[in-house]
Amino acid sequence: MATFSGGGYGTGKHAKPKPSISMTKSTPTDAESSTQQYDEKSIEEEQFECNGGTDELDDDAEPLCSLATDDSSSFFSGDSATSSSIPFDSAALYSLSKRVGDKPGEQHWESESQQKTFAWKQPSDPVVEVSEEPCEDDAGNLPETFWLDMCSQIKGGDGMNVVNLQLNPERNTGYNGTHIWNAIYEENCLAVDGSASGPMCYEERVLYRLLSGLHTSTTLSIAKNYYPPSKKKGRIDWEPNPQYFMDKFADHPEHLRNLHFSYVVLLRALKKASPFLYNYEIKTGDILDDEMATILLKRLLDTAILRSCHDVFSAFDENLMFKEQANSISLQENFKGVFHNVSSILDCVQCQQCKLHGKMAMLGYGAALKILFLPEDIYALSLSRNEIVAFLNTVAKMSESVREIRELTQLYWSTHTRLEKTTSSDQPVLGGGNMVSSSSVDLEGVEILDAAVEAVSKLAKQGLINESTESKLIQKAFQRHPELMVLSKHYGKNLRKFLNFLPSIDSELILGGFDDGEPDAIVIGTGLAGLTATLNILDRGGRVVLIEKEHRMGGNSNKASSGINACCPQNSTYGDFLESFKEDTIRSAGNSAKLPLIETLVENSESAVRWLIERVGVDLSVLAQLGGHGHKRTHRPRSGMVGAEIIYNIQRAVKSYEKSGMVKIMMDTRVTALKKKNDGAVVGVEVVSKAEDGKNKTLTVMAPNVILATGGFASDRSHGSYLEKYRPELMKMPATAGEFSTGDGITLGTSVGAGLVDMEKVQVHPTGWVDPSDPTNPGKILAGELMRGVGGIVINRDGNRFCNELGTRAYVTDKMFSHDPHYIKTKKWNITNEIPTFSLVLSASAAEGAKKHVDHYLNKGLLKKIEGLEDLAKWMNLPLSKVKETVEQYQRDAKDGRDQWGKTSFSGVPIDNLMDETFFAGTVTPVLHYCMGGLTINKEGNVLDENQQVISGLHAAGEVSGGV
C-alpha cells in the first residue's frame, strides 16, 4: 500500500479572509479584481523560491521541491508505470512546469482563466458553469449522481511515472505558499445571492474547516520535518522545529480543532465505506504486494476506532447539510463548484513536492465527500482506484498530524520553561507570515508545578520511586512537561492514582511497588470475570493482587466461541429491546429465575459490551441471533474467537499496570483459605505457591476486599465433588470446562459461611464436538450456538431432524436425551447409558457465515468437508433417500417460514440442487458446560451467608456465583 504520509506547500494566512467572490457564471468585475492586486515582482520571487533555507543545505543537495522517483509502483498504483491514463498519479508531477517558461512567449497555458489565476491579479474564474436550469427530478431534487464528478478538476498530466509516496514524504521545502492559501480561502464562498458579505452558512463553515484542517496538517508536517539533512550542520536526518510549531498555533487552537474536525469527517467516510473497502479487490500485477495491501487495508478497517467511536462519528452528520429548502440546489451546486475551484488552484503550485501532497489531499477530500453524499450501492462505480488511494493516504495524513501535535508540544516543553514565541525575523518565512504575533505568554501553572513537585517528593519519601526517577520527574516538572502538568493538576493530591498513571507519561520510569502496604483487593481467578474486576479497580486507581492457580490466564473464558450477549437499544436495525432480553433470560432460567440479578444482567449488558470495545479494544462488530434469543444480540469479532480475543486484550491491559506496582500477579498459586476477623469480615487469603527452587511456600496476603472469580465445578468427577453430590447422574458426561474447574471458590466461600443456590442447576450444552481420533476423551471442544445460528441442522442416527435448532440449550438437550425411553419417563439421565451422538450439518452458505470457526474446526479434524448429498449420506452411514428426504423437507419448511417444531428463522439453507451442494459435517454430543449454581450473591456482587446477610469484604463474580 502507498505509504501513509504527506507533503507541504507552505502555510500562508490561516485565518479566513473576507470572501471576495461568489459562485456565478460571470467573471469577476474590475472592482473585485482591484481588491486582489499584488506586486508582480514579489509574486515571481515568492513562487519560484524553493530552497528550504540556503544556509541549511549542503552545496550538492538535491532541490527540495523535486520528486524522488524509483522504478517501482505502490500497491495501489497504476497498471503501468508510464500509463498516460492514470488520473492522479500523473497530476502530481511536472504537468505545470511544461507549460511555464521564463518569458511570456514561452508560456503555454491551457486557458486564459488559468493564466489569470496563476498571476493572482484577480480571483480565479469559476471552473464549473452553473446552468440557468439545473437538471432536477420531478420532486425538485438533484439526481443521485450529482456528486460523481467531485474530483474532476484534480487533473493529471501526460506520460509521467507513478510516484512512490514513500520516497516523497511531506516536509519543509522552503516554498512560499502564501498566495496559494490566500486564493484557496477566498474561493470558499457559497453565497447564492451573489453577495460575499454576511456570516458563513453551515455548508461554507464545513468547507472552510476542511480547508483549514488541511492547512494545519501541512503546517504540522513542515514543523515536524523542518531542517533537512546536512553534513555541515551535522544532521543525519530531517529534524523538527518545535518553536515554529508554537509560533503558528499557540494563539490559534481553533486551527488545531479544525484539524480534528477534518479527521472526524474522514473517519466518518471511512466508517461508511468500510463494507465496500473490506471487499475491495486490489490488482496491480504484483500478487505479493496486492495480498499485503489487502491485509493492511482489512487491518485498518478492523481497528477498534471504527467499531467503537459512535460519539466521534456522530460529531459530524452530512445529512444536516443542504437542508435550506429554498436554496438547497444552489447550495449543492455552489459547494461542488467551490471545491472544483479550490482543486484547480493547485495546478498553480510550482513546488512539485508540494503539489503532489496538495492534490493527493484534495483528491482524498473529494473521495470522502463522494462517499458521504452518494448512495452506498454505487460506490463500486463511482470511486476510482486513485481516489481510494488518496482517501486512505489523507486519513493517514490527518492521523499523523494529530500525533504530531503531541510530539511537537513535548519537544517544545523539553527545552522551554514558558511559552516564548519568536518574531517573524527569527524564522524563515515559509507561509507568508506568522499566524501569531511575537510575544511571551507565562503559564498560569505555578500552583500546578508546586503540586507536581510535592507529589514527586512524597513518592520519593515513601520509597515508591528511586533517586533516578525522582530526578527525572523533577526535571520534567521544571520543564513544564505538558502531560505531567495535567496529571499533577488532577491527581497531584492522590498519590496512588498519580503513581498509577506515571507510566502513561514515560514508560521507562522505574517505579516501586506497594509491598509495604496492603492492596485494595485480592482477585482470585483470571477468567473474564476476574480480569474485568481487576481492570476496573486498576482504572479507578486501586491496587490489586491477582491470583491464578494455573500457569496461564483466561480459564474457560479462553474457549468461548459464539459471542457475548447484550441488548443495545440504540441499534434499531434489529429491533431489540431490554424487555425482550429480560423475557428470554427469564424463560431460559425457568423456576430458578432471580429477577434482581436478571435485571442487573440485562440492564448493564450494553455498557459491558461497550466497555469491552472501547476500553479493552475488542472487535465485537458482528451480531447474530442464537439459540434462546428473540433478536440478534450475540456479539462476536469479525475475525477470531471471541473468548481468545477478549482475554488476550484484557490481560494485556491488566499487565500494563505491573510496572507501576499497582497490580501484583501471582501465577501457579492456589488459595487455601480465607482470612477473616472476629466479626466475620473477610480480610485476606492464605496461599501456597511454588518458589524458585521448586518448593511450595505458604504466604498470607491481606486486603479489605476479596473477589472470588474461580469458575464452576463441571470437570470435578472426584469422590465427594459437588458434581457427585448434586448431579451424580452426570458424572460420566463429557465436559467442555477445563480440568481446573473444580469448585475451589465455592469451597472457600462456604468455609466462611456463604450460602449456596441452585447447585443442582448444571447446564448441559447440546453440542460438543466428538473428535473422531479420540472419541472417548471426557474433555470436549464446544460446538457453540453459532454453528446452529448460521444454519446448521442437527440430525439423529435415523436420519431425522427432531427439534428447533435455535431453541434454548435446555430445550435442544432435552430433545436429544428424549431419544432414550428411560429419560422420557423420568426426565433424568441414566448414568449407565451410552451418551448419544448426532450429526451437525452445515451447507456452504451456512459455513460461510461462520468461516473463521469452520476453518478452525476443519483444522482440528472436528468437521469434514463433503461434496454432494450422496457423500454426506455415506459419511452418516444412512441411505441416500433418507437423508434426501430430511434435507428437502427442511428446504420446504424454510420456504414456508415455519417447521413442525416452531422454527421461524432459517439461515444457510442448502441450495436446491443438493448433489452440487458442499456440506460441512461433524459429530456432536451433549456436554457439561456451565454451572448456574454457586455462591449466593446480591445484585452488587456481595456474597451472602445462609441467612441472606452480606459477608463483609467477600465478593463473587462469574460462574462461581449462583442464581444468574
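**The disulfide and its surroundings**

The torsion about the S-S bond of Cys351 and Cys354 is about 70 degrees, so the disulfide is right-handed. This disulfide, defined as a pair of cysteine sulfur atoms within 2.5 Å, is the one that the structure holds; the sulfur atoms of Cys351 and Cys354 lie 2.5 Å apart. A disulfide is a covalent bond between the sulfur atoms of two cysteines. Both Cys351 and Cys354 are buried, where buried means under 20% relative accessible area, exposed over 50%, and partly exposed in between (1.4 Å probe, protein chains only). Cys803 counts as buried because its relative accessibility is 0%, and Cys931 is likewise buried, with a relative accessible area of 0%.

The model is predicted: local features need pLDDT of at least 70, side-chain atom pairs count only at pLDDT 80 or more, and totals for chains, interfaces and linings use all residues. Residues are numbered from 1 along each chain as its sequence is written, and side-chain values use heavy atoms, with hydrogens and water left out.

The largest nonpolar core has 85 residues, of which Phe335, Met362 and Phe391 touch the most other members. Such a core is a set of buried Ala, Val, Leu, Ile, Met, Phe, Trp, Tyr and Cys residues joined through side-chain atoms within 4.5 Å. Among the elements that give two or more residues to this core are helix 5 (202–224), helix 11 (328–345) and helix 12 (352–373); helices (H or I, at least four residues) and strands (E, at least two) are DSSP runs, numbered from the N terminus. Helix 7 gives the most, with 14 residues. Leaving out residues up to four places away in sequence, Met362 touches Ile154, Leu211, Leu214, Phe339, Val342, Ser343 and Leu346, contact meaning heavy atoms within 4.5 Å. A second, separate core of 44 residues includes Val687, Leu730, Val752 and Leu928.

Helix 30 (residues 851–859) has His853, Val854 and Tyr857 as its buried residues. Seen down the helix axis, they fall within an arc of 100 degrees, so they line one face of helix 30; the arc is that of the directions from the axis to the C-beta atoms. Their cover includes strand 14 (762–769), helix 29 (844–848) and strand 19 (918–931). Just after helix 30, Gly861 takes a positive phi of about 80 degrees.

Trp875 lies in helix 31 (residues 869–876) and counts as partly exposed because its relative accessibility is 28%. Beyond its neighbours within four places in sequence, Trp875 is in contact with Ser839, Lys864, Ile866, Ala921, Gly922 and Thr923.
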